[in-house]
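This briefing summarises the structure shown below.

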Amino acid sequence: MREYRDRTVQEVAACTCDRCGRRMTPVDDQGEWYEKMALDWRGGFGSIFGDGAHVSLDLCQQCVRDTLGRWLRVDPPSGPDGSMQALKGVVPRPNAPVSVDRMNPGEFHERD
Ligand SMILES: [Zn+2]
């Protein structure tokens, strides 16, 4: 038998862009929230920031583009119809129930 205790867990509730000051939350504007960039690392031996120095940065997507855009490699989705490859394999939700065979079209064999 297991016994449980309550535990307090912290999660990021808001993020402020270090460049422009835009405040982003997952509630107010999800587009900005999910497109923000957070850099967070510790400098190693030979780091220009100092050995063991903690370096971090939070940027909104506009500031990422405005500061790093010149060097960013941005590739459009590469699917044959312009769709994202990451969505390949996502099963659409039809109105009627779907069999397991139909969920795996590559292995689907019509039964007579
Ligand atoms: Zn910004």
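Helices (H or I, at least four residues) and strands (E, at least two) are DSSP runs, numbered from the N terminus. Read along the sequence, the protein chain then gives the pattern β-β-α-β-β-α-α, a total of three helices and four strands. The model is predicted: local features need pLDDT of at least 70, side-chain atom pairs count only at pLDDT 80 or more, and totals for chains, interfaces and linings use all residues. Residues are numbered from 1 along each chain as its sequence is written, and side-chain values use heavy atoms, with hydrogens and water left out.

**Burial**

- A residue is buried under 20% relative accessible area, exposed over 50%, and partly exposed in between (1.4 Å probe, protein chains only).
- Of the 112 residues in the protein chain, 12% are buried.

**Zinc site**

- The zinc ion has as protein donors the SG atoms of Cys-17, Cys-20, Cys-60 and Cys-63, which lie 2.3 Å from it.
- Donors are N, O and S atoms within 2.8 Å of the metal (3.2 Å for Na, K and Ca); water is not among the atoms, so sites may look incomplete.
- The donor residues follow the spacing C-x2-C-x39-C-x2-C in sequence.
- The arrangement is tetrahedral because the four donor atoms subtend angles of 106 to 117° around the zinc ion; four donors count as tetrahedral if all angles lie between 85 and 135 degrees.
- For comparison, the ideal angle for four tetrahedral donors is 109.5 degrees.
- Cys-17 is buried, since its relative accessible area is 3%, whereas Cys-20 is partly exposed at 45%.

**Salt bridges**

- A salt bridge is a side-chain nitrogen of Lys or Arg within 4 Å of a carboxyl oxygen of Asp or Glu; the structure holds two of them.
- One joins Asp-66 to Arg-19, with 3.8 Å between the closest N and O atoms.
- Asp-66 belongs to helix H2 (residues 61–68) and Arg-19 to the loop between strand S1 (15–16) and strand S2 (23–24), so this pair ties together parts that are 47 residues apart in sequence.
- Asp-66 also meets the side chain of Arg-65 in a salt bridge, at 3.1 Å from N to O.
- Asp-66 is partly exposed, with a relative accessible area of 47%, and Arg-19 is partly exposed at 48%.
- Arg-65, at 51% relative accessibility, counts as exposed.

**Nonpolar surface and aromatic pair**

- A nonpolar patch on the surface is formed by Met-37, Leu-39, Trp-41, Ile-48, Phe-49, Leu-57, Leu-68, Trp-71, Leu-72 and Val-74, which together have about 990 Å² of accessible area.
- Patches are made of residues with over 30% relative accessible area and no salt bridge; like charges are joined within 9 Å, and nonpolar side chains (Val, Leu, Ile, Met, Phe, Trp, Tyr) within 5 Å.
- Accessible areas come from the Shrake-Rupley method with a 1.4 Å probe; for residues, only the protein chains shown count as cover.
- Strand S3 (residues 37–42) supplies the largest share of the patch, three residues.
- Met-37 is found in strand S3 and is partly exposed at 31% relative accessibility.
- Rings of Phe, Tyr and Trp (its six-membered ring) pair if their centres lie within 6.5 Å; planes under 30 degrees apart count as stacked, over 60 as edge-to-face and the rest as tilted.
- By this rule there is one aromatic pair.
- The rings of Trp-41 and Phe-49 have centres 5.9 Å apart and planes at 70°, so the pair is edge-to-face.
- Trp-41 is partly exposed at 35% relative accessible area, and Phe-49 is partly exposed at 47%.

Technical notes:
Four donors count as tetrahedral if all angles lie between 85 and 135 degrees; four count as square planar and six as octahedral if opposite donors are over 155 degrees apart and all others between 65 and 115; anything else is irregular.
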